[in-house]
Amino acid sequence: MSSPLRVTVWGEYRHELHEEHVAAIYPDGMHATIADGIRENLGDRAVVRTATLDEPEHGLTEEVLAQTDVLTWWGHAAHGEVSDDVVDRVHRHVLSGMGLIVLHSGHWSKIFTKLMGTTCTLRWRSEQDRELVWTVNPTHPIARGVPHPIDIPAQEMYGEYFDIPAPDELVFVSSFSGGEVFRSGCTFRRGHGKIFFFSPGDQDYPVYHHRDVRRVIANGVEWALADRPERAYPTLLRYDTGEFFHGVDYSHAAPDIAEAREAAAATAGPAGAGA
C-alpha cells in the first residue's frame with residue numbers, strides 16, 4: 001500500500017474568532033471544516049493537519065512544508081499580514097513539486113498572485129446569490145463524482161473579469177442569480193507543482209459544509225499530488241555535445257536559483273521530500 005497523502009490545510013482563522021455569525025457556521029474554524037471534508041472523502045488515503053495565520057511562521061515552517069504533499073489555502077481579511085519570507089518559502093516548495101489548492105478569497109493572497117503574475121482581481125457581490133457550478137470538463141479527475149451542476153443556495157458572487165492567466169485546464173464555470181458567470185475551477189502548473197483554484201466558499205455562508213464542495217476539494221487534493229518521485233527545484237543545466245543524460249550544473253549563473261536549490265536539498269532529507 002502506498003503512503004498516505006500528506007495534506008496541510010491552512011486558514012487565516014480571523015473571521016471565526018471575531019464575528020459571531022461566522023463562528024456559528026464554523027465553530028472550530030473554516031480550516032477545521034475543510035480538513036474534515038478531506039478526511040471524509042479520502043479516508044485513510046490522506047493524513048490531514050491544519051495550520052493558521054497566528055501560529056509561529058504561520059504554521060508553515062520548512063519542516064512542515066517538507067512533510068506536505070498538498071497545501072490548501074484560505075485567506076481573506078489579513079492577506080497583508082502573511083510574511084513575505086513564508087510566501088517565498090511556500091513558493092519555492094510549489095515550484096519544487098508541492099501541490100497547492102487555493103480557495104475562494106485566496107485568489108488575492110500573496111502566494112497566488114506571486115504564482116500567477118497578475119492582479120487576480122475580480123468582480124464580487126455578497127447578497128446571498130444562488131451559485132450553480134457547471135462542469136465543463138467532465139473527464140477531469142477533479143470532476144469525478146460531482147453532480148452537474150453543483151447547486152449552492154446562498155453564496156457570495158464572484159464574476160468576470162477575473163484577472164488570471166489563461167488556465168491550463170478549465171474544470172468548472174459558475175453562474176449566479178444576477179446573470180454573472182465566473183471561471184470557478186481552474187488548474188495551473190508552475191515549475192514542478194500543480195495548482196487548483198476553486199472559488200466557492202465565503203465565510204458568511206456554510207459552503208464548506210456542502211457535500212459536493214467538499215468532494216471537489218478532496219478530488220483537487222488528490223489531483224495536485226506531484227507526478228515526480230521526489231521534490232526538486234527546477235534546475236538550469238548546460239549540456240555538452242553527447243551529454244544527453246548527465247548535464248553540467250550551470251546554476252552559478254543565477255545565484256538565487258542556486259540558493260533555492262540548496263535550501264530545498266537541505267530540507268528534503270536523504271530520500272527527498274514530497275510524493
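1. **Terms for exposure.** A residue is buried under 20% relative accessible area, exposed over 50%, and partly exposed in between, with a 1.4 Å probe and protein chains only. By that rule Tyr13 is partly exposed, with a relative accessible area of 23%.

2. **What you are looking at.** This is a predicted model, in which local features need pLDDT of at least 70, side-chain atom pairs count only at pLDDT 80 or more, and totals for chains, interfaces and linings use all residues. Residues are numbered from 1 along each chain as its sequence is written, and side-chain values use heavy atoms, with hydrogens and water left out.

3. **The chain as a whole.** The chain has 8 helices and 11 strands. Helices (H or I, at least four residues) and strands (E, at least two) are DSSP runs, numbered from the N terminus. The radius of gyration is 19 Å, close to the 19 Å that the globule rule gives for 275 residues, so the chain is as compact as a globular protein of that length. That radius is taken over C-alpha atoms, and the globule rule is 2.2 Å times the number of residues to the power 0.38. Along the principal axes, the C-alpha atoms fill a box of roughly 60 × 40 × 35 Å.

4. Of the 275 residues, 52% are buried. The chain exposes about 12400 Å², and carbon and sulfur atoms supply 53% of that area. Such areas come from the Shrake-Rupley method with a 1.4 Å probe; for residues, only the protein chains shown count as cover. Take the contacts (heavy atoms within 4.5 Å) next. Among those with a separation of 6 or more, 72% are between residues 24 or more positions apart.

5. **The sheet.** What is the order of the strands in the open sheet? The order is S2-S1-S3-S4-S9-S8-S7-S5-S6, giving 9 strands with mixed pairing. Strand S2 (46–52) and strand S6 (150–159) are the edge strands, and each pairs on one side only. Neighbouring strands are turned by 25° against each other on average, direction ignored. Two strands pair if DSSP finds at least two bridges between them. Strands of a sheet pair through backbone hydrogen bonds, either parallel or antiparallel.

6. **Strand S7 and its partners.** Strand S7 (residues 169–176) runs antiparallel to strand S8 (residues 181–190), and 5 bridges join them. Phe172 has Gly185 in S8 as its bridge partner. Ser174 stands opposite Phe182 in S8. S7 and S8 form a hairpin with 4 residues between them, and Gly179 in the turn has a positive phi of about 95°. S7 also pairs with strand S5 (residues 123–135), in the antiparallel sense and over 5 bridges. There, Trp134 has Val173 in S7 as its bridge partner.

7. Axes are lines fitted to C-alpha atoms, for helices over the stretch in contact, and angles run from 0 to 180 degrees between N-to-C directions.

8. **His93.** Is His93 buried or exposed? His93 is buried, with a relative accessible area of 3%. His93 is in helix H5 (residues 84–96). A polar contact of 3.0 Å joins its side chain to that of Glu62. A polar contact is a pair of N or O atoms within 3.5 Å; within protein, one must be able to donate a hydrogen and the other to accept it, and residues adjacent in sequence count only if both atoms are side-chain atoms. Leaving out residues up to four places away in sequence, His93 touches Glu62, Leu65, Ala66, Met98, Arg231 and Thr267.

9. **Backbone points to check.** Two cis peptide bonds deserve a look. One joins His148 and Pro149, with omega about 0°, and Pro149 lies in the loop between S5 and S6. Another joins Glu160 and Tyr161, with omega about 15°, and Tyr161 is in the loop between S6 and S7. Now for phi. Tyr13 has a positive phi of about 55° although it is not a glycine; Tyr13 lies in the loop between S1 and helix H1 (15–18). Glu57, also a residue other than glycine, has a positive phi near 55°. Glu57 sits in the loop between S2 and helix H4 (62–66) and is partly exposed at 42% relative accessibility.
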